[in-house]
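This report describes some strands and a helix pair in one structure. The sequence and the structure come first.

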Amino acid sequence: MTSNCDDPDGNIIEERNPRQSQKEEEEEEELKAFLSLAAKKKSTLEIISLYPTIHTLPALTEITKLDLFNTNISSLPSSLPTCLPNLSILFCMKNKFTVVPDVIGQCPKLQMVSFKSNSLREIHPQALNTQLRWLILTDNQLTSIPSTIGRCIQLQKCMLSGNLLESLPPEIANCHNLELIRLASNRLKEPPMALLQLPKLSWVAFSGNPFLFQSYDDGGSSSHAQVQTMEEKHGVQLKEFPQDELDDPSKGIELGMGASGITRKYTLKTFKPYHDKEHDDNERVAELVDVAVKEYYSTITSDGNPQEERKISMIASSLGCQSLIKVLGQTKKGNLIMELLTDYQVLAGPPSMETCSRDVYEEGMKLSIKRAAAIVEHLLFALMKLHEKGICHGDFYGHNILISNNIDENRVWLTDFGAAFLYDQNSQYGKLVEAIERRAFGHLVREISHVLDITDEGDDSIFKRNLDDLANLCAQKTFHHLYHDVWTKSKPSLKYR
């Protein structure tokens, strides 16, 4: 085997052990050559896990991302930190890990880690390091989070949906930079108050946790009352359309596929009255309407349970807000039938690995004052209506906002309720939930302010200042007050409705 030492000038000198056999030397050289080739091709390095006892692997400084997706492994080699000293992204999705290994805590530049869909039962306390920014542990069997989570002071995104967590450690309060967390489909018995009070938290998901099905008084005490279904509580009754083809994927045109399901275009056959004197009141005329049908998966996503998304989408549609996509009914299999949107564009792209928690806007994008005002007003109104019903969207981002390409219409739609959940808006934790979503709205308002097309330093600059003021007031005012007392008094007198 080999060892390293420094010469007087600080250079690394490789020394040979005279007892090293020629065969060992050849095997080591062969391994070095393979790893170097893998590095150049930027392929996955499953080979490393096959040689856990070799500690003299070459340092592959050019590799920053390692993807070990579905490679049937259950451990990582102890040589990982020295072999890949610049590793910043590690994906170990769909493997056989039962413990998040401590070796990842020794990787000095590791910032993004995913062990999604393994068989994790615990996190080694030393696996959590200070420079970690993005942690994905969705769809596992974790029952607890170690107190060392408190050392993750740079953590911005944490995905923990689909586990068995009953509580969070108090040290979570040290994660001051945490902006997004997913905790849906766990077993949290009490609201995680320390988490909810973090200063930068803007996007949360809690659906499917027991504490949401309890009622709380202002002092935080809970009662275990009989829980109504969401449909019963909100009086939502969906019309069922009996057309079998609406559940036949071969008869639809795929519009898009996301983490929670597939949306397809179908033609819906409906019947409506003639409304004329020549026909009886009971006579109907057939009408063909293009619609969007979303088929929901049954598996857990990073945001939560797709079936919860389906239920909340129904409730949101019943609020009568034009910026929330209208649900027309359901198929025989329970898939949602929705209005078909056409001629639109997405406001922003999703966060990149570099931006982590912030959307990416198209370079050179500009919004007119008229369009910006319409976007802000319609979305603020939608959020106010949602939170009046105790619905938190949980993923209020520009990449979930659609805007019409018809500038004269200035239509805006808030989409994707995958992270949404119902909460008790009169409780102490409920007030914190709304404050978190207002923080997300404030981020969007600032982003819109940054892409304003300002041509007039007078009125245009005043409107930009109004947007900045609105964003700042999100920390103090409820959605109701922001809409009625702030926005309606400061918006420009433009005809954009």
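Val 346 stands opposite Leu 402 in S21. This is a predicted model, in which local features need pLDDT of at least 70 and side-chain atom pairs count only at pLDDT 80 or more, while totals for chains, interfaces and linings use all residues. Residues are numbered from 1 along each chain as its sequence is written, and side-chain values use heavy atoms, with hydrogens and water left out.

Strand S19 (residues 344-346) pairs with S21 in the antiparallel sense over three bridges; pairing requires at least two DSSP bridges between two strands. S21 is also joined by three bridges to strand S22 (residues 412-414), and these two run antiparallel. There, Leu 414 in S22 is the bridge partner of Ile 401. Strands (E, at least two residues) and helices (H or I, at least four) are DSSP runs, numbered from the N terminus.

## Burial of S21

Strand S21 (residues 401-404) is covered on both faces. Ile 401 and Ile 403 lie on one side, Leu 402 and Ser 404 on the other, and all are buried (under 20% relative accessible area, with a 1.4 Å probe and protein chains only).

## Helices H6 and H9

In H6 (residues 369-388) and H9 (residues 479-490), the helix axes come within 8 Å and cross at roughly 140 degrees. Axes are lines fitted to C-alpha atoms over the stretch in contact, and angles run from 0 to 180 degrees between N-to-C directions.

Technical notes. Buried < 20%, exposed > 50% of the residue type's maximum accessible area, 1.4 Å probe, protein only.
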